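These are my notebook entries on one structure, kept in the sequence in which I looked things up.

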Amino acid sequence: MIIPVTSKPRTSKANKTGTWRSGKKPHFIQKECIACRLCVMVCPEGCISGDKKRTYISDYKYCKGCGNCVAVCPVADIEMIKEEWWRETIS
Amino acid sequence: MVTELFSSGHTACAGCGQALGARLVVETTGPNVIIANATGCLEVFTSRYPESAWGVPWIHSLFQNVAAVASGIEAALRIKGKLDQVRVISQGGDGATADIGMASLSGMFDRGHDILYVCYDNEAYMNTGVQRSGLTPFDSRTTTSPSGKKSFGNPRPKKNIPEIANAHNVPYVATASVAFPKDLQKKVKKALSIRGPKYLQIFVPCPLGWRHDPGLTYEIAKLVVETGLYPILEYQDGKLISVKTIEAAKPVDEYLKLQGRYAHLFTERGKGEIAKIQAIADSNIKKYGLLKEGKGVREKMVEEKPAEEKIFTTAELSKCDGKDGRPAYFAYKGKVYDVTGSDPWADGEHYNMHFAGADLTEALVEAPHGDEVFERFKVVGVLKV
Amino acid sequence: MKEIRIHARAGQGAITTALLLGTAAFIAGKYALAFPHFGAERMGAPMNAFVRLSEQVIRLRSQVYEPDYLIVLDPSLMRGFDVFEGFRPGGVAIINHHEKVQCPKPIQNIKVFTVPGNDIATEVLGRPIGNTTILGAFAAATNEFGLESLQQAILERFSGEVAKKNAEAARRGYEYIKKGF
Amino acid sequence: MRRYLEGSHAVAEIVRLCKTQVISAYPITPQTHIVEALAQMVADGELNAEFINVESEHSAASVVQGASATGVRTYTATTSQGLLYMIEVLYSIAGLRLPVVLTCANRAVSSPINIWNDHQDSVTVRDAGWLQFYAENNQEACDLHLMAYRLAEDHNIMLPVMVCMDGYILTHAYEVVDLPEQSQVDKFLPDFKPVHCLNPDEPISMGVLMGPESYTETRYAIHQTMMDALNIIPGIADDFERVFGRKVNCLIEKYRLEDATQVFVAMGSMVGTIKEMVDGLREDGQKVGLLKVIAHRPFPKKIVYEALKNAREIAVLEKAISLGQEGPLLSDVKSAFCGYGNQPKISGFVLGLGGRDITKKSILEVHSALAGSQVDVKFIDLKI
């Protein structure tokens, strides 16, 4: 009798870790952005995306609100803001 | 672009340095890789059945045998004739690497398997709740090396695994920090271009175990390098080929004070201890030549040190593009600056926008900073127009 | 079924002797089970090897306590050991002769052949390793297999000049018994 | 082809004929001759395999685990302390449903250190999820290795298999073995087709973390597979006979059981000696018989019951003991009778530990004790 003991690739996406945030989230101001991609690089969740200047966003479905994107941004174009998490849509 | 090789939805703590490190590694390797993972946080937070964060073939067996499991994978690929197409990575935390898995790691090095071993060094057994490992630094507080009336925490310095790796005559050994992602990725790329056993040790902060704000992961990973406490090194065939130099070494308490694991040192009694940690940093700086102006190894390695007022033609400048170990120079308002070894200029690329080997006078208009930043860099000559 | 016990010192080739004996019997169409007295013996320590020969599959796995045949490769062993312990009446013993060691008096109903195996080996091989000579004598004294089977076993086990010389040493041992008695 | 060779070399020949692709082992007496022979075959180009010398048995098992997970046929061998050092990897291999084949050259367990034969090592790991077979002689050891690969890689099984052969007594014994032709082996054993494997084209995650909601099912599946194997094995044994023209028993073997009232039950090489004694006792008019247990896991409980149900006195002879209880095989045999009315007298005898020779006399001692009252643990040849 064989039952699956393996997981399919990338299936962790079913797990919406955005619910973990407690009151803060990064806000991408999209004014000074130079598209240096450092925020993308240092995000432990891999949930920041964008291609051109001033297009970068965090996927709040997964963002845990650690704030390292804010710390790394060379042009201070990301800020931590308070959020009322119960108003956020997760899906 | 949201990565397809290391997916969101994993269950690492917010600000996890290991998640960050692992993502950077696998994004660099690309999809043609098989990863063997030791037991530990990384395994647990990426593979809770029926989910997995991995977009590459991945296997976990036990705590201490990851290098041996990877050896088996490599042997299987070799016999199948697929080793040219598929790379093998063996990875684990500091405990899996430096303690329980040391013998199997040594065996992997010794047998010469074509594997890149990546150690995510968060300096303690985090998966079990922050116990002391062989890579826990001096005077750091863990649950099994607590501070107390008779203790300042862990009484021993970190094991020097890169040197142990070198003692096995492996072709490539390096250290990195997640605060310097381009340097890290460059090293992964380089390691994968070399056949045989490779070792990469990455400094990965753990907000939970080190008791720091999750938002400080980046800052702490930067400071540990800037203080000299975690030398960023690169060895090829046992020879030190590059070090990440520091502008001016920051005092270690700037790094220590951000972390609860060192809080017991910031007392009257602890002052002497901080001095001891400073001594470790100073010794690293001296040993590896970490100071930019010091007589470091880097200076020894650069063969042709250009004279101060060397006159560069455009063609000459274009050769100094920072690729393949060449120096990274650019010109600005007639002066030629040396940015070799600067992380924002790794591989001669500056945020994917500017490239070394060219006159960037025009381009600075776009930059978020003024020309005051150039003071940090050394002028190596002038550009002949 | 015939049971054989070989006495030697570790390093003197008792296992090879047992193997050659078994192989020769196998070539002659018999079943053979050859095994050492498994030990952690280092060079020089007294040790045994055993062989069973039969027309049927051999099932008995115990050591040999009541041998039908004895082979003593190193006669100096007889100075402290009773190599004849458990020896069956009617048994045949082949003893590698050494002038300085006196062979115990044969018990009733037992045939003892002393063969100057090392001397013959020195002559033929240039080295005093009498195993194959003794096996030649064993073949002649017991008729369990012919000289050809033994020589074939030797040629399978060794190669080149060594094989040829050992086959010759076996013949000399064989002749020694056939002509001498 | 009938050949006269050492048990270890015979097994190495079978591993070669099975076209094993990755071999890894760490030296330990008395396993060494097997892996030395394989290393030579690889060195001579007779076997196209990777031979990985490792720094411990733990890594040997881990290397074959990694290789098997990558979709190639693998082999390792060990014994005693080495097998015990492998234990956690053994569980992991079974848990990942990887068809590794391992030879255990059975040896006693320290302390005191003892390099000679008994069954304590493999019996100790019987719960790891490996099919476990015990060989009586070297022919059977060879045949069981062929069966091992075929069974392990069967898509209805996909579990590792351990072939146990007595250290020295079989591994170092020269005897006549009928070795098959390559063409026969190829016919019997098709190329290994993994159910799942590490492959960038299909990037699955293996060895994942399973919580309380799913772990139980993995154990259930392995147990169920073991039970299924009891039904699958006879069919594959028939296949074996068709291809090799020789019968192979994989579960049990009955010897002169028809009208036997007194029955010996045993595993491994001592069975041969017992067979001799059964014949001897039969000549004396005693109605004795023998049940050879080959499959220790899965334990063919029902078949054992059927074979023994008419016996009045049963003697289970073992080279192992669960200290503080009784011989593990005795417990298994007793459990086969649980729930039936006609309980025979089942006694346990422990003998042959640490290489102590099992002689005809040892078997006679067991036989004479059988007439007395039931015992759970009686040490034979005890010198106290």
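This is a predicted model: local features need pLDDT of at least 70, side-chain atom pairs count only at pLDDT 80 or more; totals for chains, interfaces and linings use all residues.

Residues are numbered from 1 along each chain as its sequence is written, while chains are lettered from A and ligands numbered from 1 in the order in which they are written.

**Entry 1: a helix of chain D**

I took helices (H or I, at least four residues) and strands (E, at least two) as DSSP runs, numbered from the N terminus.

**Entry 2**

I counted two strands as paired if DSSP finds at least two bridges between them. An open sheet of 6 strands has the order β10-β12-β11-β14-β15-β16 in chain D, with mixed pairing. Its edge strands, β10 (252-255) and β16 (378-379) of chain D, each pair on one side only. β14(D) and β15(D) are parallel and share 6 bridges; D:E318 has D:V350 of β15(D) as its bridge partner.

I then looked at the helices on this sheet. α9(D) packs on it and touches β10, β11, β12 (288-293) and β14 of chain D, with a direction at about 165 degrees to that of β12(D). Helix α11 (residues 328-337) of chain D also packs on the sheet, and its direction makes about 150 degrees with that of β14(D). For these angles, axes are lines fitted to C-alpha atoms, for helices over the stretch in contact, and angles run from 0 to 180 degrees between N-to-C directions.

**Entry 2: two domains**

Chain D is assigned domain 1 (2-244) and domain 2 (252-379); such bounds come from an automatic or database domain assignment. Their C-alpha centres lie 27 Å apart. I found 26 residues of domain 1 in contact with 20 residues of domain 2, where contact requires C-beta atoms, placed from the backbone, to lie within 7 Å.

**Entry 3: chains B and D**

Which chains have the most contacts? Among the 4 pairs of chains that touch, I found that they are B and D. Here 38 residues of chain D are in contact with 39 residues of chain B. On the chain D side, α3(D) gives the most, with 9 residues. That side divides into 18 nonpolar, 17 polar and 3 charged residues. Ala, Val, Leu, Ile, Met, Phe, Trp, Tyr, Cys and Pro count as nonpolar, Asp, Glu, Lys and Arg as charged, and the others, Gly among them, as polar.

I also saw that strand β2 (residues 58-60) of chain B runs parallel to β9(D), joined by 2 bridges. B:W58 has D:S205 as its bridge partner.

Conventions. Two residues are in contact if their C-beta atoms, placed from the backbone, lie within 7 Å.
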